[in-house]
Amino acid sequence: MELFLAIADELGFQSDHDIAALADVGPESVGNWRTGAVKEFKKQKFQAALATLRVQLQALSAQAGLGLDHDLGLSPLEIEHGSSPSDLHRQFRDQVGYDYLGHRFLYFEPQGALAWERLIKVGYEQDSWLSGVEECCERFLSTVRESGGGAKGPLAKLLGLGRRERARGLEVISLGPGEGGKEARILQHIMRALDGNRSRARYLSYVPVDVSIALLLKAAGTARDLFANKSGGLSRARLSVLPVCADFEEGSLAFASRLRGESSKPGDERRLVLFLGNVLGNVRDEEMFVKQKLGKLVRPGDALWVEVGLRSPRPEDDPLFELTMPDREETAGQANRRLLLEGPYRRYLVASGRAAGDLDLRIRVRKQDGSSRVPGSYNFCHDLLIRDEGRSVTMLYSRRYDLAQLGAWFEAMGYAVEGIHRSKDSQGRSRVGHLFLRRVGTP
Ligand SMILES: C[S@@+](CC[C@H](N)C(=O)[O-])C[C@H]1O[C@@H](n2cnc3c(N)ncnc32)[C@H](O)[C@@H]1O
């Protein structure tokens, strides 16, 4: 009876009247259940109560999109207020007259998403960056023992691999996954590690968060396929994918209340927040972002995995530097980049019934100014020149970091550096760096 009352309460059946309806009895019976005067159901009433509870749970499960129901031809998706495509259009229109727009407007329309997918296919070295993520997975999930007895890899530690720890849930939240190719690899490695360690995880949940619905659907679909085909020793009920269309820079992060572990006791669940592909180098203000946004998602004891572009000794040595030169010949890859950056403004003009403007893209290096405050970093700032109006507006920051100085900067923000990896491009240059960080403090 206690179990029935507790479940009914969680399902929102709180008044005697509601509970009685759930078990198909009169409300006067509920008083006796609550006081403990009646401790069990009679057999027939028990079967009836079971049947109504089952119907309630099945309805909730169907509405929540649990059970990997993409086979039904549906893709469940959450959209946070203020982050829908029409909200972003409105914000673009309101901000276009100022001097900063930023990267969040680049991919929210399907055309921008397609341009991104084209960009990573040509001249972007995406294969090298995917290999870099695989190398990190090997390292971060290493179960080789440290002298203290625990696993050596920081992700293995987070998962409690190789230890007799109580089972926990793991929530993998990716901010700006794009099409989610890196996340798919990370999830695959995590599931393999859980499987090989006779899983001690209560559940594995994946939450991609992006303003681009086109890319988000891809990221979620890939993960759902992965979960449907491989289980990592976890039953389907313990694997979930919740794609969220939300703006992690300007939005309220209301989606945090929908996370699976939000109601768990501290320590029963760990989060791994992924921030890959130099998106940190794209945000307007890193310090504000880490304090005000990441601070809400990454709790003490949780992990943060950041991938960034690395600085060259001199900006002139960076492959992007060539784009700062006027009057250069444009390659196919460079043209894709320019069109991607011009796209939102061109589409805005068309949507507001105005003629295509005279536009150009200017890329310049900024350092030691308000746009690159992390010590050792510099910023390839991408500005759109709107010639008809004689002004420019910033579409994208793309910073390059010194990995050691970035680690120290995170330490000053309350994170411990537990893993570092540098990955190389096809010419053997270290261009991308990974930091595996743990938020300091007691969960
Ligand atoms: C460069 S792309 C993809 C990066 C991807 N993580 C990778 O490693 O290849 C950046 C992604 O972040 C998303 N994004 C940018 N700003 C955002 C914001 N403020 N809120 C949500 N998504 C954002 C974009 O829509 C895009 O899908």
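A cavity here is a set of grid points where a 1.4 Å probe fits but cannot get out, and its lining residues are those with an atom within 4 Å of a point. Keep that in mind, because rolling a probe the size of a water molecule over the atoms shows where empty space is left. What you see above is a predicted model.

Let me begin with the cavities. By this rule there are two of 30 Å³ or more. I will talk about the second largest cavity, which has a volume of about 70 Å³. Which residues line the second largest cavity? They are Leu323, Arg328, Glu330, Gln334, Arg337, Arg338, Leu361 and Ile363. Sorted by class, that lining holds four charged residues, three nonpolar ones and one polar one. Helix α12, residues 332-351, and strand β8, residues 359-367, each supply at least two residues of the lining. The biggest share comes from α12, with three residues.

Next, the loop between α12 and β8, where Ser352 sits. Ser352 and Arg93 are 259 residues apart along the chain, yet their C-alpha atoms are separated by 9.4 Å.

Helix α6 covers residues 110-121, so twelve residues, and reaches 17 Å from its first C-alpha to its last, close to the 16 Å expected at 1.5 Å a residue. Its buried residues are Gly112, Ala113, Ala115, Trp116, Glu117, Leu119 and Ile120. An α-helix has 3.6 residues a turn, so residues three or four places apart point the same way. What do the buried residues of α6 pack against? The partners are α7 (126-140), α10 (213-229) and α12. After α6 comes Gly123, with a positive phi near 65 degrees.

Finally, the whole chain. It has 13 helices and twelve strands. The C-alpha trace spans about 85 × 65 × 35 Å along its principal axes. Of the 443 residues, 51% count as buried. Among contacts with a separation of 6 or more, 70% are between residues 24 or more positions apart. The chain is divided into domain 1 (2-64) and domain 2 (78-312 + 401-439). How far apart are the centres of domain 1 and domain 2? Taken over C-alpha atoms, 40 Å separate them.

How values were computed
Residues numbered from 1 in each chain as written. Predicted model: local features only at pLDDT ≥ 70, side-chain atom pairs only at ≥ 80, totals over all residues. Heavy atoms only, no water. 1 Å grid on protein atoms, 1.4 Å probe; cavity = no way out; pocket = protein on both sides within 12 Å on 5 of 7 lines; lining within 4 Å. Points joined across faces, edges and corners; volume = space filled by probe spheres on them. Helix = DSSP H or I, 4+ residues; strand = E, 2+ residues; numbered from the N terminus. Nonpolar A, V, L, I, M, F, W, Y, C, P; charged D, E, K, R; others polar. Domains from an automatic or database assignment. Buried < 20%, exposed > 50% of the residue type's maximum accessible area, 1.4 Å probe, protein only. Contact = heavy atoms within 4.5 Å.
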